[in-house]
Amino acid sequence: MVDVPLGAAGVPPAEVEDVELYHPKGWVTHYVFSQDAKIIAVQYSVTALSIGLAALMLSWLMRLQLAFPGALSFIDADAYYQLITMHGMMMVVYVLTALFLGGFGNYLIPLMLGARDMVFPYANMLSFWFYLLAVVVLFASFAVPGGPTGAGWTLYPPQAITAGTPGLAWGIIMMLVSLMIFIIGFTMGGLNYVVTVLQGRTRGMTLMRMPLTVWGIFTASVMALLAFPALFVGCVMMLFDRLLGTSFFMPEIIEQGARLPYGGGSPILFQHLFWFFGHPEVYIVALPAFGIVSDLISVHARRNIFGYRMMVWAIVAIGALSFVVWAHHMYVSGMNPYFGFFFATTTLIIAIPTAIKVYNWVLTLWRGDIHLTVPMLFALAFIVTFVNGGLTGLFLGNVVVDVPLSDTMFVVAHFHMVMGVAPILVIFGAMYHWYPKVTGRLLSVPLGQFHFWITFLGAYLIFFPMHYLGLMGVPRRYYEMGETAIYPQSAHELNIFITVMALLVGAAQLAFVFNLIWSLRHGREAGGNPWRACSLEWQTPVTPPPHGNFGKELPIVYRWAYDYNVPGAPEDFIPQNQPPLAGEIASRAS
Amino acid sequence: MTIVLAFLAILIGIAAWWLSTQRIMSKPWLEIGVIDEPPGVRPPPTAKIGLGVFLAVAGVLFALSISAYSMRLQAADWWPLPVPRLLWFNTGLLILASAALEWTRTRTRHADLTGVRVGLIGAGIFTLAFVIGQLVVWRELVGQGYFLASNPANAFFYLMTGLHGLHVLGGLVALSRVTFRAFGADEARGDKIPGERSRLRLGVELCAIYWHFLLVVWLVLFALIAGWAGDFFEICRQALS
């Protein structure tokens, strides 16, 4: 037992230094140009979800082309590459990053820390509008002559800006500009998330009392702030190469007998810059998911999180390690084998903190009072999926295994499992979990269960066979297999099966969208704390929380966020702002 | 990429030191009650922390550019630019601007509003002159035929000075706001630089920190451009191989 200073009556005086709040005056500043983090969170989430649906439809088109080559007349090789590029970039940057940090970060950080709002609300508002502008620029590239870029989501030069790649005229420029706007916008938001955690915590909320969700989002924001500049520099340099004729990345190129004005640039330099951003990006998406899932599991299993300290340390360790593994995306770029060895080692080391987290989730469940609510189903599905996707990561982290598999469907299956399906399962679980706080009503349970089972099983039916295709040698990025004599008929049939499943799973997401809209009006009234959870966002006096979150006085925190089923407590959970119960201090000490 | 990794290592060191002061070894499941900050420790103003985080981000941006520069430097077709003499003069201007802000910072402590106004205006003029000087350097080089696209050394020169210049311009926006605030402060009303947390004082301090950061970045970039860093890179490369 650590000595904790208390006031005379064991309860400290209720004085919390209040911040000046910006108060909206009209409808426009209230709901459109809002500086309230909760409104900004909803704006981010709705925008990101819409982009997610669009990117999902792009993937349908790709799958249709793969299963029934030539069936859709408007998909030729160029269109296929444009679909790949836009699907990948949208999902990774504009959906996952924006949703986890801009959406959940904005909503949960102030509420979970007992703050009234973010520390720089104006920059926070600008962050969303920059994001929206980036999205508009990105989507506008569908309308420009030549269409969007088809350079692949990694935008590797020299092919990204040489003739033959679709979208050379406008698409690539719009993509680079859009990314730069996104990064500037994100930096404004990211500063908010980080500084709010540093400065905005209410009295008694020490770092080690923060819910793991906040730890995950906080660490991911720090990483994003440090990693996105790499993409920014890469974008600026490529834009110079494309528009001003410099040769940062462009080597000497002979095109149709004519020498291009470029010369001496290093395409590998771009790969370094891109993956210096690109690998942390994986964990920028994964860490918030880790944090959220820890909280979901703890709440719905009515049990304190196992190994809280280890969980925090693991999050921080993963964050730091993820900056020294980027070159494992470049094993086939002709690097020095010693470098490959170094990066394979660091890559495999990340498995240690990650495995700690998985053990702790499982041990939290052990002898817990598991409620199979919809958020819990998604959380459990995440653990399984993350382990599955992570294991194939251990395969690909080894140079000798990666080299033959690198250009096959195996890689596609791996990263979709670990970076696509797994975080999206968490996003769904989190939405079912926090929707009652945002709207005051619960999402429909039967619809949620339908949505869960189709999504969960369907995702496995899509991506498990894809591993097998990859092991057979079916290449990725090919818009049709062409002379497919070397692949057995079964490979083609499997492709059709995957496509049918992808269409089904995609369509099932409409049930989720319907649920979100329908429950807004017709959902069951949730009350303030439907899941009987401890953390502060469930203790607001009014639900949905109004501007300023906590009414007249900010809550004071007396305990960590995981006091479930404490022996002797009147209920099976003790909120974080509950002063010590009679005899509690003595019983904890023993 | 070793340069950016070295920069990150410094940041990680700072983060680790900070975390070590945050009771990360505590056992929150055993602790009941309010845990307060140790008495006497006053948390720094939020804006200052915000600036610190922003400087880390901007630092990574410049470290990455320098990393790319050092990788590109090794190619055979690298013809370094001549160093225009004007760059020395510009460097002097930026040093003066930085010094002026530092001086202004001491003036805020002495509640000398006139001094603050003079210092802010002076810093603004020096900085503006620096930006104009940089543009003149660009024109001079273009006039001598050192175009952006003609050699990678030129491209990096324009890119890095441009990035730095944009950061200076952003700083000028903030500086002008602080200057307006200084002239808006009314001595007669009795609010001549009041308490420690006054907005003016904080604004001046933030500007001074930002200007020192920009000065350090500029000195590093200048050393690179002038070619003194070449030997340094060579030593690093030999140490690593």
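Predicted model: local features only at pLDDT ≥ 70, side-chain atom pairs only at ≥ 80, totals over all residues.
View 1. The buried residues of H13(A) are A:Gly448, A:His451, A:Phe452, A:Thr455, A:Phe456, A:Ala459, A:Ile462, A:Phe463, A:Met466, A:His467, A:Leu469 and A:Gly470. These buried residues pack against four helices of chain A, namely helix H10 (374–397), helix H11 (399–405), helix H12 (409–439) and helix H14 (489–522). After H13(A) comes A:Gly473, a residue whose phi is positive, near 105 degrees.

**View 2. The packing of helices H6 and H7 of chain A**. Helix H6 (residues 212–244) and helix H7 (residues 267–300), both of chain A, pack with their axes 8 Å apart and at an angle of about 160 degrees. Because angles over 145 degrees count as roughly antiparallel, H6(A) is roughly antiparallel to H7(A). The residues that form the contact of H6(A) with H7(A) divide into 24 nonpolar, six polar and two charged. The crossing of H6(A) and H7(A) is left-handed.

**View 3. The side of chain A that touches chain B**. In this contact between the two chains, 52 residues of chain A meet 37 residues of chain B. On the side of chain A that touches chain B, the elements that give two or more residues are helix H5 (171–199), H6, H7, helix H8 (308–321) and helix H15 (584–589) of chain A. Of these, H6(A) gives the most, with eight residues, and H6(A) is also the helix that packs with H7(A) at an angle of about 160 degrees. By residue class, the side of chain A that touches chain B divides into 35 nonpolar, 12 polar and five charged residues.

**View 4. The helices of chain B**. The secondary structure of chain B comes to seven helices and zero strands, so that, by this assignment, its elements run α-α-α-α-α-α-α from the N terminus on. Buried residues make up 34% of the 241 residues in chain B. Where contacts in chain B join residues at least 6 apart in sequence, 82% of those contacts are between residues at least 24 apart.

Note on methods:
Residues numbered from 1 in each chain as written. Chains lettered and ligands numbered in written order. Axes fitted to C-alpha atoms, helices over the stretch in contact; angles between N-to-C directions. Parallel < 35°, antiparallel > 145°, perpendicular 65-115°, else oblique. Left-handed = near helix turned anticlockwise from the far one by under 90°. Nonpolar A, V, L, I, M, F, W, Y, C, P; charged D, E, K, R; others polar. Contact = placed C-beta atoms within 7 Å. Buried ≥ 20, exposed ≤ 12 C-beta atoms within 10 Å, placed from the backbone.
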